[in-house]
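Keep the viewer open as you read.

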Amino acid sequence: MAGNNIKVVCRFRPQNKLEISEGGVPIINIDDEGTSVQLQGQEFQGPPFAFDKVFGMDSKQKDIFDYSIKSIVDDVVGGYNGTVFAYGQTGSGKTFSMMGVMDNDELKGITPRLVEQIFQSIVESPSNMEFTVKVSFMEIYMEKVRDLLAPQNDNLPIHEDKTRGVYVKGLAEVYVSSVDEIHEVMRRGTGARIVAYTSTCSRSFGPFLSGLSLFTTAPLTPPPLCSAPDMNAESSRSHSIFVITVANKNLDTGAVKQGKLHLVDLAGSEKVGKTGASGQTLEEAKKINKSLTALGMVINALTDGKSSHVPYRDSKLTRILQEALGGNSRTTLIINCSPSSYNEAETLSTLRFGMRAKTIKNKAKINADLSPAELKALLKKVKSEAVTFQAYIAALEGEVGCWRAGQTVPEQQWVSFDKISKGEGATSAPATPVAPAPAFKALMMDDSRPATPAIVLEKDEREEFLKRENELTDQISEKETELTNRDAQLNQLKEELGYYKEQEGQITKENQQMTGELNELRLQLQKVSYESKENAITIDSYKETNQELNAELEELKKQLFDLRVAQKESADGEKEKKKAEKMAAMMANFDPSVALANQPKNSADMTEKEKDMERMRKSMAQQLADFEVMKKALMRDLQNRCEKVVELEISLDETREQYNNVLRASNNKAQQKKMAFLERNLEQLTNVQKQLVEQNSSLKKEVAIAERKLLARNERIQSLESLLQEAQDKLIAQNQRFEAQLQSVRDRLEQARSQKSQNAMNALNFGRIAKPMRGGIAVADDVPPSPSALRNVDKNDRRTSWIPGFR
């Protein structure tokens with residue numbers, strides 16, 4: 001069988017922030033056909049490196065898969081072994097190329113796309129083909145094989161036999177029947193993989209997994225945990241190998257083929273001086289570089305044409321990849337490189353590794369088990385050959401007997417195997433051999449290892465086994481249906497429980513918030529009550545002071561009124577007395593009747609002048625009447641003027657008295673000073689006494705107010721103490737509940753940890769039983785199925801019999 005070379009694909013990622021900050025520039029030049037790359041650096045100026053395909057910095061995940069991996073899927077489904085592994089320095093994007101972001105259609109890597117392609121190929125297969133798919137996931141960490149689906153198995157041995165080839169003993173295998181189930185296995189295995197932090201790194205897929213596209217021309221920001229010079233926040237510290245085994249069976253002929261696909265994500269090679277690794281990270285780097293060196297030694301031994309021994313056993317990595325390197329496998333190598341001059345030496349080493357690996361030739365062949373028809377043809381051929389050989393032996397014995405008897409046998413009658421095969425020269429015609437079927441003849445020419453032949457059963461036994469098989473299949477289907485229903489009920493109950501828990505959390509939060517607000521309002525209410533009490537006490541004190549001041553003011557008003565009344569009465573009495581005396585004197589001087597009465601009468605003149613007197617008397621009477629009128633007016637005017645004069649005299653007397661007092665005061669200044677001094681001292685003493693009395697009364701009032709405030713404050717302190725005690729009791733109760741919950745969580749965690757080693761695979765409940773899938777399910781003619789249809793392949797399709805010749 002002609003061998004096929006390993007397909008080598010080169011992929012460059014963009015420069016990252018560290019490389020740009022260190023002054024790195026792109027030093028690669030890819031030709032127009034995309035099959036070679038020229039390294040234009042300072043250390044190397046040699047010829048270009050040629051590969052099957054070279055992808056630049058702006059390439060997409062889908063382009064890598066369509067060119068490099070898609071053809072391997074059909075080979076694996078057809079029964080060939082396949083291997084895809086990524087090689088490169090740490091931080092070159094290997095894990096991103098292999099895994100990517102599984103939930104993102106654009107950024108998902110090779111493995112998720114390959115899984116979808118496998119199930120699409122199964123769906124597009126003829127309906128007489130039946131498939132089973134199982135997967136396993138392991139990593140090689142510190143030269144120990146660790147099962148990522150059962151992490152407690154961390155040092156598994158590697159065995160080899162004729163039928164299975166190289167395999168890991170004790171590795172858990174999970175049967176799957178949909179894309180989602182494989183994705184779940186991948187997520188759980190990836191979560192158990194060992195990663196670490198490395199310094200001075202050009203790691204690029206860290207920021208890609210946070211949502212950025214891997215291959216863009218813009219500079220990328222390093223992960224949050226990376227600061228220049230940081231290399232990788234999540235550097236893979238182990239080689240991971242994801243194995244997918246696809247077995248297909250032709251229900252018409254019973255032929256079985258099995259293909260095994262290895263998806264390898266190698267840990268990155270790293271320079272210790274550049275990464276600054278120390279401690280455990282340094283030991284891991286040593287083991288990683290040792291296994292990668294062993295891989296390079298194996299490739300050198302396979303490509304130099306001189307080595308008679310290939311050192312597969314020098315490393316567990318090369319031991320597991322033995323079939324992929326020069327063996328029964330179709331292999332694709334993806335070398336991931338940095339385009340920057342900052343990592344020129346690492347890029348050059350990676351390109352040289354890819355060039356050496358490209359010359360390796362593998363001999364891939366179909367891993368097939370013989371069908372019953374082929375086994376019958378083989379048996380028939382063996383029987384025919386046995387009869388032919390017996391006839392040939394008998395003819396030879398007869399010829400030897402003739403020679404021993406001294407007889408001669410002509411040369412044309414000598415026995416040959418060709419004559420016996422054609423039925424000539426035999427004494428007894430043997431049974432004519434039957435030529436094998438063409439398909440069987442082609443199969444016999446293949447040097448694939450046969451598997452254990454199927455058991456041949458009688459018709460009744462076959463029918464009984466088939467009936468029993470169908471019953472068991474029905475029971476399995478019923479159990480699966482029941483399990484699905486219970487899962488649905490469980491999910492519904494979980495959703496309801498989650499909803500109720502959320503509602504309870506919200507209500508509890510609102511209750512706590514309202515309780516806090518209520519306590520705050522209580523404190524505010526108590527504060528307001530305390531302040532209102534203090535204000536009431538202050539208002540009462542102000543009222544008392546106001547009442548006292550009002551009483552004093554009324555008393556002072558009364559005294560002032562009495563003084564004014566007494567002063568007015570005394571002043572009015574004196575004025576009236578003086579006025580009356582002076583008026584009497586003045587009126588006495590001005591009374592005309594008195595003057596007339598005082599005039600003497602002449603009796604002699606009365607006779608002569610009686611008439612004249614009578615006339616004069618009349619005129620005088622008239623004049624006197626007029627005079628009386630005028631007198632009254634004058635008297636009134638006089639009285640008024642006298643009053644004014646009296647008032648002026650009184651004022652003059654007062655002024656004179658004041659003047660005399662001033663004169664007296666000016667004459668006795670020394671005595672006046674002494675009197676003023678004594679008056680001032682008396683006034684000061686009086687003021688001091690008043691101040692002391694006022695202070696005494698104010699102190700008495702303040703003491704009373706302070707006593708009332710002290711009582712109110714004591715009441716508030718007692719209420720605050722009661723609230724504090726209540727809060728402490730609640731806090732203690734909450735603390736006790738929290739400790740009880742924490743203890744229960746710890747107990748459940750310990751229980752889960754103790755059961756994890758025993759029931760590590762119980763979580764993958766879909767992987768206990770093989771679930772055969774029939775080709776061509778629910779797919780219209782010439783219409784490729786969608787990825788969603790691949791995920792919803794009928795899982796309850798009844799499997800047919802594995803007994804040859806029966807369905």
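## Helix H2 and its surroundings

The buried residues of helix H2 pack against strand S2 (7-12), strand S6 (53-55), helix H3 (70-77), helix H4, helix H5 (110-124) and strand S17 (330-337). Bear in mind that this is a predicted model. Which residues of H2 (residues 61-68) are the buried ones? They're Gln-61, Ile-64, Phe-65 and Ser-68. Looking down the axis of H2, you'd find its buried residues within an arc of 95 degrees, so they line one face of the helix. The spacing makes sense, because an α-helix has 3.6 residues a turn and residues three or four places apart point the same way.

In soluble globular proteins, nonpolar side chains tend to be buried together. Here the largest nonpolar core has 48 residues, and the members that touch the most others are Phe-51, Leu-325, Leu-333 and Leu-351. Helix H9 (residues 280-303) supplies the largest share of this core, with six residues. Apart from it lies another core, of 41 residues, which includes Ile-64, Val-73, Ala-86 and Ile-244.

What does Leu-333 touch, leaving aside its neighbours within four places in sequence? Its contacts are Ile-6, Lys-7, Val-8, Val-9, Phe-85, Tyr-87, Phe-353, Gly-354 and Ala-357.

The structure holds four aromatic pairs. Tyr-87 and Phe-353 make up a stacked one, at 3.8 Å centre to centre with 15 degrees between the planes. This pair ties together distant parts of the chain: Tyr-87 sits in strand S7 and Phe-353 in helix H11 (residues 344-358), 266 residues apart. Both Tyr-87 and Phe-353 are buried.

How much of strand S16 (residues 256-265) is buried? Eight of its 10 residues are, so the strand is largely enclosed by the rest of the structure. Strands of a sheet pair through backbone hydrogen bonds, either parallel or antiparallel. S16 gives you examples of each, as the table shows.

| Strand pair | Sense | Bridges | A facing pair of residues |
|---|---|---|---|
| S7 and S16 | parallel | five | Phe-85 and Val-264 |
| S15 (residues 239-250) and S16 | antiparallel | 10 | Ala-247 and Gln-258 |
| S16 and S19 (residues 368-369) | antiparallel | two | Lys-257 and Ala-368 |

S15 and S16 also form a hairpin, with five residues between them. In that turn, Gly-254 has a positive phi of about 85 degrees.

## The annotated binding site

Now for the stretch at the end of S7. The unreviewed UniProt entry carries a "binding site" annotation that covers Gly-88, Gln-89, Thr-90, Gly-91, Ser-92, Gly-93, Lys-94 and Thr-95. Gly-88 still belongs to strand S7 (residues 82-88), while Gly-91 is in the loop between S7 and helix H4 (94-98). Are these two glycines, Gly-88 and Gly-91, buried or exposed? With a relative accessible area of 0%, Gly-88 is buried. Gly-91 counts as buried too, at 0% relative accessibility.

Elsewhere, three strands make an open sheet in the order S3-S4-S5, with antiparallel pairing. Its edge strands are S3 (28-30) and S5 (49-50), each of which pairs on one side only. Three bridges join S3 to S4 (residues 36-39), and Ile-28 has Leu-39 as its bridge partner in S4.

Finally, check the loop between strand S8 (129-141) and strand S9 (144-147), where you'll find Met-142. Glu-143 is in this loop as well. Phi of Met-142 is near 55 degrees, a positive value in a residue other than glycine. Glu-143 also has a positive phi, near 60 degrees.

Terms used
Residues numbered from 1 in each chain as written. Predicted model: local features only at pLDDT ≥ 70, side-chain atom pairs only at ≥ 80, totals over all residues. Heavy atoms only, no water. Helix = DSSP H or I, 4+ residues; strand = E, 2+ residues; numbered from the N terminus. Pairing = 2+ DSSP bridges. UniProt positions renumbered as here; feature names shortened; annotations may be inferred. Buried < 20%, exposed > 50% of the residue type's maximum accessible area, 1.4 Å probe, protein only. Arc of directions from axis to C-beta. Contact = heavy atoms within 4.5 Å. Core = buried A, V, L, I, M, F, W, Y, C linked by side-chain atoms within 4.5 Å. Phe/Tyr/Trp six-rings, centres within 6.5 Å; stacked < 30°, edge-to-face > 60°.
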